[in-house]
Amino acid sequence: LLRESFFAAADLDARQTWKLLDWCQARGADEFTLRMLGLEGRDTPHNDKVESELQPFALPAAVREHPIVYAGEDSPRLTPLWRLTPDSIRVLRIRYTDGLFTYPVGEWEVGCIEDPVVYRNGEILLGIVTHEREGLLRLTDAEQAEVAAMGIPTRSRPEWI
């Protein structure tokens with residue numbers, strides 16, 4: 001049985017976010033997505049470069065749930081996906097310079113990425129809403145204890161998501 005818990009940027013440093021992502025990968029997380037944004041009608045060369053860097057890890061798009069849904073969006077919805085591996089995590093580390101809560105990654109004029117979501121067997125394991133500086137985890141009780149033992153503080157309720 002999975003239980004939702006939440007965490008906040010105020011409680012973690014960048015190093016801890018990477019430790020948490022590595023832990024997720026070790027616990028069976030196998031794919032992830034990112035939200036790619038840009039100004040309407042403008043090219044997004046930043047996002048194009050990120051997609052090029054992630055191309056070796058590309059998976060077919062699939063219907064996935066998201067931790068945040070904006071007006072006019074569905075959840076679950078068709079989602080671009082990449083394989084979560086140590087090498088794809090290295091790409092994320094280069095882009096998310098201050099940990100997984102870095103916001104924005106890029107600039108609006110050239111495109112930016114946000115909201116990394118990590119899936120295990122097609123279900124959210126970890127989801128971050130970067131502009132709200134909060135995230136969620138869906139863990140078993142044993143996994144919750146492992147995360148706590150790593151020094152990752154969680155909350156029973158979110159403030160914004």
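In the predicted model, strand 5 is joined to strand 6 by a hairpin that runs through three residues. Strand 5 (residues 105-107) pairs with strand 6 in the antiparallel sense, over three bridges, and Glu 107 stands opposite Gly 111 of strand 6.

The pairing of strand 6 with strand 7 (residues 123-129) is antiparallel and comprises four bridges; Val 118 stands opposite Leu 126 of strand 7.

Strand 6 also pairs with strand 2 (residues 31-37), in the antiparallel sense over six bridges. Here, Tyr 119 of strand 6 is the bridge partner of Glu 31. The ring of Tyr 119 has a further neighbour in Arg 64, which lies over its face at 6.0 Å from the ring centre. Strand 6 itself spans residues 111-120, and ten of its ten residues are buried; the strand is therefore largely enclosed by the rest of the structure.

Aromatic contacts were examined next. Two aromatic pairs were counted in the model. In one of them, the ring centres of Phe 7 and Phe 101 lie 5.8 Å apart and the planes meet at 70°; because planes over 60 degrees apart count as edge-to-face, the pair is assigned to that class. Phe 7 belongs to strand 1 (residues 3-8), whereas Phe 101 lies in the loop between helix 3 (86-95) and strand 5, so the pair ties together parts that are 94 residues apart in sequence. Both Phe 7 and Phe 101 are buried.

Notes. Residues numbered from 1 in each chain as written. Predicted model: local features only at pLDDT ≥ 70, side-chain atom pairs only at ≥ 80, totals over all residues. Heavy atoms only, no water. Buried < 20%, exposed > 50% of the residue type's maximum accessible area, 1.4 Å probe, protein only. Helix = DSSP H or I, 4+ residues; strand = E, 2+ residues; numbered from the N terminus. Pairing = 2+ DSSP bridges. Phe/Tyr/Trp six-rings, centres within 6.5 Å; stacked < 30°, edge-to-face > 60°. Lys NZ or Arg CZ within 6 Å of the ring centre and 35° of its normal.
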